[in-house]
Amino acid sequence: MADYSKLVEGLRRSFKSGVTKSYEWRRKQLEGVLRLLDENRDRIAKCLKEDLNKPTLEATMYEIDYSRNDLVDTMNNLKEWMKPEKVKKGLLNIMDTAYIQREPFGVALVMGAWNYPIQITILPVFGALAAGNCVVLKPSELAASTAQLLEELIPKYLDNDCVKVVNGGIPETTALLKERFEYIFYTGNTTVGKIVMKAAAEYLTPVTLELGGKSPVYVDENSDLSLVARRISWGKLVNCGQTCIAPDYVMCKKDVQDKLVEECKKAMAEYYPDPAKSEDYGRIINERHLHRIKKLIDGSGKLAIGGEVDESQKYIAPTVLTDVKPTDPVMQEEVFGPVLPIMPISSDDEAISFINKGEKPLAMYIFSKNHDVAKKFLNNTSSGSFTFNDTMMQAGLMTLPFGGVGSSGTGAYHGFHTFDTFCHKRAVLERKHGGEGMVAIRYPPYTEKKSNTISWLTRKSPKSGGLWSWLGF
């Protein structure tokens, strides 16, 4: 097993030198990431094609430009984000200076995922650098071409004393997790997430876990089913269904199911007239995942659309299953592929009850013309994110935090939230040297007069408004 102790200690020495704390160093690293993306667009797209047969538009929109836009936003706001955050003060601290100072943790480990191997890897890396950390990046070995490209390019664009790339599989990951880091950021499945969390617990290292789960869709009977089908089909089939926030399964009434299937047929035929030959349709990452998804299809519900599989091409056609039961194999795990199960239910109450019986999902999607229906789900369930009348679009708004809850993850990122994730929020109170004034009443010997004075100075009252508030003031 490899030993990465020297690598980590070298990064820690660089961090302790203080070089990463200046705005100038951080800005320079972000500029390096920007040049990496801008100068290697074609090579990145080529590697994504090799790994996932990712269409050029998806590679550009959801990987390169998605990362670039978040990066530019970070560059434009970094100086402001680095400023101390002032906090409110009480009467006892009226003459003091109080603020939150965001400071880097130290050496951060970023473990990327294979389904969006640029976006999911680059975003936390430049967020960690913007916060002033040193970084060890471990790309996913399953997206081998992209991982090799990152290993080649990152040393050319970033500070080699502060950023390292480690490629490899399970042995390398296991060895890395034996090292002490000041922060770990992992994206992947829940099983490995638990392993990461156990390793972090050895040193009480804080973690962000971006996991997944079964993200439900509820379709109300009053919905425009043509619109619903287009939006669900798009969200399900982007990246061949290998998206952590893709709609995992649909719940609706039986009569809605039958109409929705017909609309899905139209939408999928419009998007991919011949998906097996389409340049716009991706492929499953490897044979192991293809066989897993095929088993889910074969053992669940009724085949309404698709179902074709070509193992030699790692191809699974856009597929819809109907009359799915809660006990079917496809409902026992995250699908993570181009298969949409539809489970008939009798009411929105039944849908809410079913959601709440399972683990908290990473995302939730509700379709209805009635906003009260959305509010009912929002107020009676829990999920990492919640979107009304669309799928996946919440991830494109960088001002919203992206993350899970419970088994779908802990922590969040995107935009400022990435910077904030990689910062320790240090509480700072500055007081003048001299002039005891009111604070002297804290010292012994304690007297009733001191007690009454302290109580008067520090006691808070609930706001109620009206005459009594004025009398209290």
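Reader: Leaving aside neighbours within four places in sequence, which residues is glutamate 263 in contact with?

Author: The model is predicted. Glutamate 263 sits in helix 10, residues 254–271. With its neighbours within four places in sequence left aside, the contacts of glutamate 263 are Leu225, Ser226 and Ala229.

Reader: What distance separates the C-alpha atoms of glutamate 263 and aspartate 51?

Author: Along the chain, glutamate 263 and aspartate 51 are 212 residues apart.

Reader: In what order do the seven strands of the open sheet lie?

Author: The pairing in this sheet is mixed. Its edges are strand 10 (302–305) and strand 16 (385–388), each of which pairs on one side only. From one strand to the next, the twist averages 25°. Read across the open sheet, the order is 10-13-14-9-8-15-16.

Reader: Which strand does helix 11 make an angle of about 35° with?

Author: Helix 11, residues 287–298, packs on the sheet. It touches strand 10, strand 13 (319–322) and strand 14. The strand whose direction makes about 35° with that of helix 11 is strand 13.

Reader: Is the pairing of strand 10 and strand 13 parallel or antiparallel?

Author: Strands of a sheet pair through backbone hydrogen bonds, in either sense. Here lysine 302 has threonine 322 in strand 13 as its bridge partner. Strand 10 and strand 13 are joined over three bridges, and the sense is antiparallel.

Reader: Which residue in strand 14 stands opposite leucine 321?

Author: Strand 13 and strand 14 pair over three bridges in the parallel sense. Within this part of the sheet, the residue of strand 14 opposite leucine 321 is proline 341.

Reader: Which residues of strand 13 are buried on the two sides?

Author: In a regular strand the side chains alternate between the two faces of the sheet. Both faces of strand 13 are covered.

Reader: Which residue in strand 14 does methionine 251 stand opposite?

Author: Strand 9 (residues 249–252) and strand 14 (residues 339–344) pair in the parallel sense. Three bridges join strand 9 and strand 14. The residue of strand 14 opposite methionine 251 is methionine 343.

Reader: At what angle does helix 12 run to strand 9?

Author: Helix 12, residues 348–357, lies across strand 8 (216–219), strand 9, strand 14 and strand 15 (363–367). Relative to strand 9, helix 12 runs at about 145°.

Reader: Which side chain of opposite charge is nearest to glutamate 179?

Author: Glutamate 179 lies in the loop between helix 7 (170–177) and strand 6 (183–187). It is buried yet has no salt bridge. A salt bridge needs a nitrogen and an oxygen within 4 Å. The nearest side chain of opposite charge is 6.6 Å away, and it belongs to arginine 12.

Reader: Which backbone nitrogen does the side chain of glutamate 179 reach?

Author: Not counting residues up to four places away in sequence, glutamate 179 touches Asp3, Tyr4, Ser5, Val8 and Tyr203. At 3.4 Å, its side chain reaches the backbone nitrogen of serine 5.

Note on methods: Residues are numbered from 1 along each chain as its sequence is written. This is a predicted model: local features need pLDDT of at least 70, side-chain atom pairs count only at pLDDT 80 or more; totals for chains, interfaces and linings use all residues. Side-chain values use heavy atoms; hydrogens and water are left out. Helices (H or I, at least four residues) and strands (E, at least two) are DSSP runs, numbered from the N terminus. Buried means under 20% relative accessible area, exposed over 50%, partly exposed in between (1.4 Å probe, protein chains only). Lys and Arg count as positive and Asp and Glu as negative; His and the chain ends are not counted. A polar contact is a pair of N or O atoms within 3.5 Å; within protein, one must be able to donate a hydrogen and the other to accept it, and residues adjacent in sequence count only if both atoms are side-chain atoms. Contact means heavy atoms within 4.5 Å. Two strands pair if DSSP finds at least two bridges between them. Axes are lines fitted to C-alpha atoms, for helices over the stretch in contact, and angles run from 0 to 180 degrees between N-to-C directions.
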